[in-house]
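Please look at the sequence and the structure before turning to the notes.

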Amino acid sequence: MFCDLLYCADGRSKLWFRTNTVNKEIQYFSRSNYKTGTIATCETRHYIRADAIEQVVTLEFRRMPQFLSDDEEAFADLLAQKPIKVTDG
């Protein structure tokens with residue numbers, strides 16, 4: 001669900017979807033090129049579990065109606081700042 005949307009906050013590299021090799025139920029996103037030479041900008045492997053991202057996004061969706069109700073103008077301003085991604089198909 002979040003593929004092509006997540007990036008490392010330090011190195012700005014894309015986070016790739018992975019599945020744990022031992023426990024297939026553990027899914028996460030991680031950088032593909034930490035410490036792989038001169039192109040790497042992070043010293044450590046950064047990752048985040050997919051279920052943690054889902055929890056944060058769900059929480060934010062639940063908070064959104066209250067934010068809209070409390071300050072509709074600020075909410076509209078935030079939406080206007082977000083880039084719109086158009087895809088074919």
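The notes below cover the overall fold, the surface and the ring contacts.

This is a predicted model, in which local features need pLDDT of at least 70 and side-chain atom pairs count only at pLDDT 80 or more, while totals for chains, interfaces and linings use all residues. Residues are numbered from 1 along each chain as its sequence is written, and side-chain values use heavy atoms, with hydrogens and water left out.

**Fold**
- The protein contains three strands and two helices, where helices (H or I, at least four residues) and strands (E, at least two) are DSSP runs numbered from the N terminus.
- The order of the elements from the N terminus is β-β-β-α-α.

**Surface**
- Buried residues (under 20% relative accessible area, with exposed over 50% and partly exposed in between; 1.4 Å probe, protein chains only) make up 18% of the 89 residues.

**Aromatic rings**
- Three aromatic pairs are found in the whole structure; rings of Phe, Tyr and Trp (its six-membered ring) pair if their centres lie within 6.5 Å, and planes under 30 degrees apart count as stacked, over 60 as edge-to-face and the rest as tilted.
- One of them is the edge-to-face pair of Y28 and Y47, with 6.0 Å centre to centre and 80° between the planes.
- This pair links distant parts of the chain, as Y28 lies in strand 2 (residues 27-31) and Y47 in strand 3 (residues 47-49), 19 residues apart.
- Y47 counts as exposed, at 57% relative accessibility.
- F67 and F75 also form an edge-to-face pair, because their ring centres are 5.6 Å apart and their planes stand at 75°.
- F75 is buried at 13% relative accessible area, whereas F67 is partly exposed at 31% relative accessibility.
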